[in-house]
Structures are given as C-alpha cells and as structure tokens.
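Me: Hello! I would like to learn how to read this structure, one feature at a time. Could you walk me through it?

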Amino acid sequence: MLGPNGARRALLTRRAAVFVLGILFSGSAALAQAPGDAARGEAKAKACESCHGAGGGAPLEGMPSLTGQPEVFLTLQLILLREGLREVPQMAPFTRGLSDQDITDIAAHFARQAPAKSSAGRDTELFARGAALSKGMNCGSCHRADYSGQRQMPRLAGQREDYLLASMKAYRDNRRAGTDTSMNGVLYLVPDSDIRALAHYLARQ
C-alpha cells in the first residue's frame with residue numbers, strides 16, 4: 001500500500017504523464033512545428049554527459065545510462081524532474097529552466113545514441129535465477145521481450161546493475177512511483193535477493 005505522500009505523488013505523476021503523452025501523441029500543428037531535434041539536443045546535453053556518459057554507459061556509480069532509452073520515456077522523466085514531481089535533488093539545477101523544446105531536443109539526442117552494453121562478468125547461477133524471475137514476473141510484457149523499452153517504459157537491457165538494483169528497491173519500498181503504480185505492485189514484498197538477481201540479469205542483456 002502507498003502511504004498518503006506516496007499516493008499523492010503517484011496521482012500527480014499520473015496526471016503529468018497523461019498530459020505529456022497527450023502532447024507527444026497529438027497531431028497538433030504546434031507539435032509538428034517543433035519536434036525533438038537530435039542535433040540541437042547534442043549541444044544541450046553536454047552538461048548531462050559528465051554523470052550520465054557520452055555515447056555509452058554512465059561512468060558514475062548510481063547514475064543511469066540514458067543512451068538508447070525511448071524518446072517518450074526520456075521526455076516524460078525530464079518533465080517530471082523539472083516540475084518537481086520526481087524528486088532527484090542533484091538533477092534540479094540541470095532541469096530547472098529547461099523549456100519544453102530543450103527537453104524534447106535532449107530526449108531526441110539520447111534516444112538516438114547506441115544503447116549501453118555491460119561488459120561485466122556473469123554469475124551463472126544469479127543470471128539464471130534472474131531470467132526465471134523476469135519471466136515469471138512478466139517484465140517483458142511492458143519493457144518488451146528484449147527489454148529495450150517502449151514509449152514511457154524504460155530500456156532495462158544494459159542499464160547499470162547498481163542503478164537497476166536501487167530503482168527496484170525504491171519501487172518496492174514506495175519511495176518512487178512511476179506514471180502508475182504497476183511497478184510498486186509488481187515488486188511488492190519481493191526480497192532483496194530476488195531484486196539482486198533481476199538487476200544482474202537485466203544489466204547483462
């Protein structure tokens with residue numbers, strides 16, 4: 001169950017997501033005149049690269065790789081961060097003041113970069129356990145069978161293992177809510193050992 005604060009955050013986030021997705025998938029003339037421009041986004045994303053990496057995996061512990069993420073997902077997350085609906089204090093100085101055009105340009109840039117790939121070694125037992133858990137929990141039904149993500153669903157394949165681990169624990173413990181509470185429900189009461197196996201498996205896809 002989400003607490004009062006968690007429920008309120010989830011409601012606000014869902015409303016923001018509906019608004020953003022409505023804009024992104026509308027056929028309005030205004031949107032047609034200002035799609036995300038990857039070339040402009042490359043210049044605007046320079047400040048992001050010191051933490052999130054350029055053209056590959058994020059170099060810093062706990063930082064997600066953004067390359068190859070779905071454009072809609074990136075756009076939505078940047079808007080949630082800018083509006084304070086997703087609280088990540090270290091991101092506030094970078095998202096504050098971004099225009100909608102800045103956000104769509106940055107999202108277009110990262111979405112067109114080659115996805116990150118993990119070069120970390122594989123624990124055979126842990127990997128197999130993660131594969132079984134992912135299949136049983138139907139992770140591929142939303143994130144695609146190859147975990148490449150789609151629309152507002154993030155790419156999990158090749159993401160940093162430590163970031164996946166921390167994110168899944170945050171969903172389980174109701175410290176984070178997505179555009180709906182499905183992730184909170186899926187991970188409810190899942191033990192740390194299973195989350196660790198899932199993170200290990202997904203990071204190596």
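Reply: Gladly; we begin with two terms. Buried means under 20% relative accessible area, exposed means over 50%, and partly exposed lies in between, with a 1.4 Å probe and protein chains only. Helices (H or I, at least four residues) and strands (E, at least two) are DSSP runs, numbered from the N terminus. This is a predicted model, in which local features need pLDDT of at least 70, side-chain atom pairs count only at pLDDT 80 or more, and totals for chains, interfaces and linings use all residues. Residues are numbered from 1 along each chain as its sequence is written, and side-chain values use heavy atoms, with hydrogens and water left out.

Me: Which residues in helix 10 are buried?

Reply: They are Tyr163, Leu164, Ser167, Met168, Ala170, Tyr171 and Arg172. Contact means heavy atoms within 4.5 Å, and the cover over the buried residues of helix 10 includes helix 11 (182–186) and helix 12 (192–203).

Me: What span should helix 10 have?

Reply: The expected span of a helix is 1.5 Å times one less than its number of residues. Helix 10 (residues 161–172) has twelve residues, so it should span 16 Å; its end C-alpha atoms are 17 Å apart, which agrees.

Me: How many of the twelve residues of helix 7 are buried?

Reply: Nine of the twelve are buried, so helix 7 is largely enclosed by the rest of the structure. Among them are Asp102, Ile103, His109 and Phe110. Helix 3 (38–44), helix 4 (49–52) and helix 5 (71–82) are included in what covers the buried residues of helix 7.

Me: What is a nonpolar core, and which residues touch the most other members of the largest one?

Reply: In soluble globular proteins, nonpolar side chains tend to be buried together. A nonpolar core is a set of buried Ala, Val, Leu, Ile, Met, Phe, Trp, Tyr and Cys residues joined through side-chain atoms within 4.5 Å. The largest one here has 19 residues, of which Tyr147, Leu156, Leu164, Met168, Leu187, Tyr201 and Leu202 touch the most other members. Helix 8 (124–136), helix 10 and helix 12 each supply at least two residues of this core, and helix 12 gives the most, with seven residues. A second, separate core of eleven residues includes Phe73, Leu74, Ile79 and Phe110.

Me: How many disulfides are there?

Reply: A disulfide is a pair of cysteine sulfur atoms within 2.5 Å. By this rule the count is zero. For cysteine 48, which is in no disulfide, the nearest cysteine sulfur is that of cysteine 51, 9.0 Å away. Cysteine 139 is in no disulfide either, and the nearest cysteine sulfur, that of cysteine 142, is 8.9 Å away. Cysteine 139 counts as buried because its relative accessibility is 14%.

Me: Is the phi of asparagine 138 positive or negative?

Reply: Most residues other than glycine have a negative phi. Asparagine 138 has a positive phi of about 60° although it is not a glycine; this residue is in the loop between helix 8 and helix 9 (140–143). Just after helix 10, asparagine 174 also takes a positive phi of about 60°.

Me: Which residues line the largest cavity?

Reply: Rolling a probe the size of a water molecule over the atoms shows where empty space is left. On a 1 Å grid over the protein atoms alone, a cavity is a set of points where a 1.4 Å probe fits but cannot get out, and lining residues have an atom within 4 Å of a point. The largest cavity is lined by Ser65, Thr67, Gln69, Ala116, Arg155, Ala157, Gly158 and Gln159.

Technical notes. 1 Å grid on protein atoms, 1.4 Å probe; cavity = no way out; pocket = protein on both sides within 12 Å on 5 of 7 lines; lining within 4 Å.
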